[in-house]
Amino acid sequence: TRQRKQNTNYPTTITIETLKDKNYTVVAIKTADQHGLLAKISRIFYKLNLRIRYAKVNTLADQVEDYFYINNDDFSTVTDKATLQNIKDTLQKELA
């Protein structure tokens, strides 16, 4: 099996945009590619009681640009500022 060398030259950036008219929140994650990254992100959302409606996953050499369209556990749009900040902080900490 081919092992991928983790490149840490890419800073992790997290941006969040709530699209109330679309009924979901978009979480954009740009970071270095690493083994198990999607599983790690999915576990984070699960632990935060968030649902992934769908995702766009892009790998560019050894960097990823992933977009997750999420809702609260009750399928409502994530709008609470403290919750949004907690999502960003948790992802930043866990993926850095």
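The model is a predicted one, in which local features need pLDDT of at least 70, side-chain atom pairs count only at pLDDT 80 or more, and totals for chains, interfaces and linings use all residues. Residues are numbered from 1 along each chain as its sequence is written, and side-chain values use heavy atoms, with hydrogens and water left out.

Asn 23 sits in the loop between strand S1 (13-19) and S2. Helices (H or I, at least four residues) and strands (E, at least two) are DSSP runs, numbered from the N terminus. Although Asn 23 is not a glycine, its phi is positive, at about 70°. Most residues other than glycine have a negative phi.

Phe 75 also has a positive phi, near 70°, and is a residue other than glycine. Its place is the loop between strand S4 (63-72) and helix H2 (81-95). With a relative accessible area of 46%, Phe 75 is partly exposed.

## Gln 34: a buried loop residue

Gln 34 belongs to the loop that runs between strand S2 (24-32) and helix H1 (37-47). Its relative accessibility is 14%, and therefore Gln 34 counts as buried. The side chain of Gln 34 makes a polar contact with the side chain of Lys 40, at 3.3 Å. A polar contact is a pair of N or O atoms within 3.5 Å; within protein, one must be able to donate a hydrogen and the other to accept it, and residues adjacent in sequence count only if both atoms are side-chain atoms.

## Thr 18 and its surroundings

Thr 18 lies in strand S1 and is partly exposed, at a relative accessible area of 26%. Leaving aside residues up to four places away in sequence, Thr 18 touches Tyr 24, Thr 25, Thr 77, Val 78, Thr 79 and Leu 84 (contact means heavy atoms within 4.5 Å). For Val 78, the backbone oxygen lies 3.0 Å from a polar atom of the Thr 18 side chain.

Thr 18 and Tyr 69 are 51 residues apart along the chain, and their C-alpha atoms are separated by 9.5 Å.

## Aromatic pairs

A search of the whole structure finds 4 aromatic pairs. The rings of Tyr 24 and Tyr 69 have their centres 5.1 Å apart and their planes at 80°, so this pair is edge-to-face. Rings of Phe, Tyr and Trp (its six-membered ring) pair if their centres lie within 6.5 Å; planes under 30 degrees apart count as stacked, over 60 as edge-to-face and the rest as tilted. Tyr 24 is buried at a relative accessible area of 11%, and Tyr 69 is buried at 10%.

Phe 45 and Phe 68 form an edge-to-face pair, 5.5 Å centre to centre with 65° between the planes. This pair links distant parts of the chain as well: Phe 45 is in helix H1 and Phe 68 in strand S4, 23 residues apart. Phe 45 counts as buried at 0% relative accessibility, and Phe 68 counts as buried at 3%. Elsewhere, ring pairs link Tyr 24, Tyr 54 and Tyr 69 into a cluster.

Methods
Buried means under 20% relative accessible area, exposed over 50%, partly exposed in between (1.4 Å probe, protein chains only).
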